[in-house]
Amino acid sequence: VYEFVQPKLDAACGSQGDMGKRKMSPLFQDVKGLCPTYLSFSSHEVCTDDNRALAEKLKFAGVDVEVSDQPFLWHAFPLFAGYCPEGEEEMQRIMSWVKRR
């Protein structure tokens, strides 16, 4: 994944080098005052560390954050709700979280 994504970041983030990449990530932005946030990811996917860091940053800023960290799944697994039971279960958790608000 790294070898595929890295060369394309300048095109996606602008040609400002690392500064453009930093502007695209919530890890480098002020998150105080954000709305309640639900983070869904797998502990075995490429963005696990970033998701955990974001959850901590949101909590530290006083944002209501709920984390769903599922094992042994791929990035964006909830999008496959119609194809795998784990995705369906996660979508149910997400919908339940939204309904409670």
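1. W74 is partly exposed, at a relative accessible area of 38%. The class covers values between buried (under 20%) and exposed (over 50%), with a 1.4 Å probe and protein chains only. F80 is also partly exposed, at 37%.

2. This is a predicted model, so local features need pLDDT of at least 70 and side-chain atom pairs count only at pLDDT 80 or more, while totals for chains, interfaces and linings use all residues. Residues are numbered from 1 along each chain as its sequence is written, and side-chain values use heavy atoms, with hydrogens and water left out.

3. How many aromatic pairs does a search of the whole structure find? The count is 2. Rings of Phe, Tyr and Trp (its six-membered ring) pair if their centres lie within 6.5 Å; planes under 30 degrees apart are stacked, over 60 edge-to-face, the rest tilted.

4. Y38 and W97 make a tilted pair, because their planes stand at 55°, with ring centres 5.5 Å apart. This pair links distant parts of the chain: Y38 sits in strand β1 (residues 37-42) and W97 in helix α5, 59 residues apart. Y38 is buried, at 15% relative accessible area. W97 is buried too, at 9%.

5. W74 and F80 form an edge-to-face pair. Their centres are 5.7 Å apart, with 75° between the planes. F80 lies in the loop between β2 (65-70) and α5 (85-99).

6. W74 and F80 also belong to a nonpolar surface patch with L79 and Y83. Together the four residues have about 530 Å² of accessible area. Patches take residues with over 30% relative accessible area and no salt bridge; like charges are joined within 9 Å, nonpolar side chains (Val, Leu, Ile, Met, Phe, Trp, Tyr) within 5 Å. A salt bridge is a side-chain nitrogen of Lys or Arg within 4 Å of a carboxyl oxygen of Asp or Glu. Areas come from the Shrake-Rupley method with a 1.4 Å probe; for residues, only the protein chains shown count as cover.

7. On the overall layout: the chain has 5 helices and 2 strands. Their order along the sequence is α-α-α-β-α-β-α. Helices (H or I, at least four residues) and strands (E, at least two) are DSSP runs, numbered from the N terminus.

8. Of the chain's 101 residues, 27% count as buried. The chain exposes about 7100 Å², and carbon and sulfur atoms supply 59% of that area. Among contacts (heavy atoms within 4.5 Å) with a separation of 6 or more, 59% join residues 24 or more positions apart.
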